[in-house]
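Subject: Structure for you to look at, with notes

Dear colleague,

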Amino acid sequence: MNIQIIEQLMADVSALLMAPVILVIAVLFVYAFFAAGRFVSEYLIRRKNQLAYQRDIDTKTATNYRGFYVHNYYVANQTASEDELEVFALKQLEVLRVVTRIAPMLGLIATMIPMGPALKALADGNIQGISENLIIAFAAVIWGLVISTLTFWPASVKKRWCAQELINIRKLRGQ
């Protein structure tokens, strides 16, 4: 098989990937704003319930509190093992962590796909073709980084919240 056929096939398939990648980036952008808003809401709820929650931890009382998901899971399943609680906590963080990691990758993919046509336009002396492809390329990577930025901080803070709740559950159990 001729290597040029394989190269052309790879170029054609990559060009076909551009629309789905841009679509996924747009969906993740909407999700990132939703996640940021949800995070602010959870922060306000947790702040409101923090004193009562801490008082119950100190008195070893297990009560449900809005915004304390791992703790509430424990209250509903007091026989749950440490591993079960950790898996539940990880599930609470999973989507945010995946979006934080995958958005820059998709931005890079959407950056690299138009680079081929941009280089071809450069070889042909087509300045407009170069600029059109580079605009798409750089916009995609910026969107990917913005998405990652919007989801990284909530993911990090929620990870700390889950870790603190796991520590408090150990206190409730007397460990």
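The notes below take up the pockets, the salt bridges, a surface patch and a loop residue in turn.

Please bear in mind throughout that this is a predicted model.

The pockets

The largest pocket has a volume of about 210 Å³, and its lining is made up of Tyr-31, Phe-34, Ala-35, Arg-38, Phe-39, Glu-42, Tyr-69, Lys-91, Gln-92, Val-95, Leu-96 and Lys-158. Helix H1 (3-58) and helix H3 (82-112) each contribute at least two residues to this lining, and the largest share, 6 residues, comes from H1. Sorted by class, the lining of the largest pocket holds 7 nonpolar, 1 polar and 4 charged residues.

For the second largest pocket the volume is about 160 Å³, and the residues that line this pocket are Tyr-43, Arg-46, Arg-47, Gln-50, Tyr-53, Gln-54, Arg-160, Trp-161, Gln-164 and Asn-168. The elements that give two or more residues to this second lining are H1 and H5, with H1 giving the most, namely 6 residues. By class, the lining of the second largest pocket divides into 3 nonpolar, 4 polar and 3 charged residues.

The salt bridges

As a general point, side chains of opposite charge can pair when their charged atoms come close. In this model the count comes to 5 salt bridges, and I describe some of them here.

Glu-42 forms a salt bridge with Lys-158, and the closest N and O atoms of the pair are 3.3 Å apart. Because Glu-42 lies in helix H1 and Lys-158 in helix H5, this pair ties together parts that are 116 residues apart in sequence. Glu-42 and Lys-158 are both buried, and both are also among the residues that line the largest pocket.

Glu-165 forms a salt bridge with Arg-46, where the closest N and O atoms are 2.7 Å apart. Here Glu-165 lies in helix H5 and Arg-46 in helix H1, so the pair ties together parts that are 119 residues apart in sequence. Glu-165 and Arg-46 are both buried, and Arg-46 is one of the residues lining the second largest pocket.

What of the pair Lys-120 and Asp-124: are these residues buried or exposed? Lys-120 counts as exposed because its relative accessibility is 54%, and Asp-124 counts as exposed at 55%, the cut-off for exposed being over 50%. The side chains of Lys-120 and Asp-124 meet in a salt bridge (3.5 Å, N to O), and both residues lie in helix H4, 4 residues apart, which is about one turn of the helix.

The surface patch

On the surface, Phe-138, Ile-142, Trp-143 and Val-146 form a nonpolar patch, and together they have about 380 Å² of accessible area. Val-146 is placed in helix H5 (residues 127-173), and Val-146 is partly exposed, with a relative accessible area of 33%.

A loop residue

Ile-113 is found in the loop between H3 and helix H4 (115-124). With a relative accessible area of 16%, Ile-113 is buried, because buried means under 20%. The C-alpha atoms of Ile-113 and Met-18 are separated by 6.7 Å, although these two residues are 95 residues apart along the chain.

With best wishes

Conventions: Residues numbered from 1 in each chain as written. Predicted model: local features only at pLDDT ≥ 70, side-chain atom pairs only at ≥ 80, totals over all residues. Heavy atoms only, no water. Patch = residues over 30% accessible without salt bridge, like charges linked within 9 Å, V, L, I, M, F, W, Y side chains within 5 Å. Areas by Shrake-Rupley, 256 points an atom, 1.4 Å probe, with all protein chains shown as cover. Salt bridge = Lys/Arg side-chain N within 4 Å of Asp/Glu carboxyl O. Buried < 20%, exposed > 50% of the residue type's maximum accessible area, 1.4 Å probe, protein only. 1 Å grid on protein atoms, 1.4 Å probe; cavity = no way out; pocket = protein on both sides within 12 Å on 5 of 7 lines; lining within 4 Å. Points joined across faces, edges and corners; volume = space filled by probe spheres on them. Nonpolar A, V, L, I, M, F, W, Y, C, P; charged D, E, K, R; others polar.
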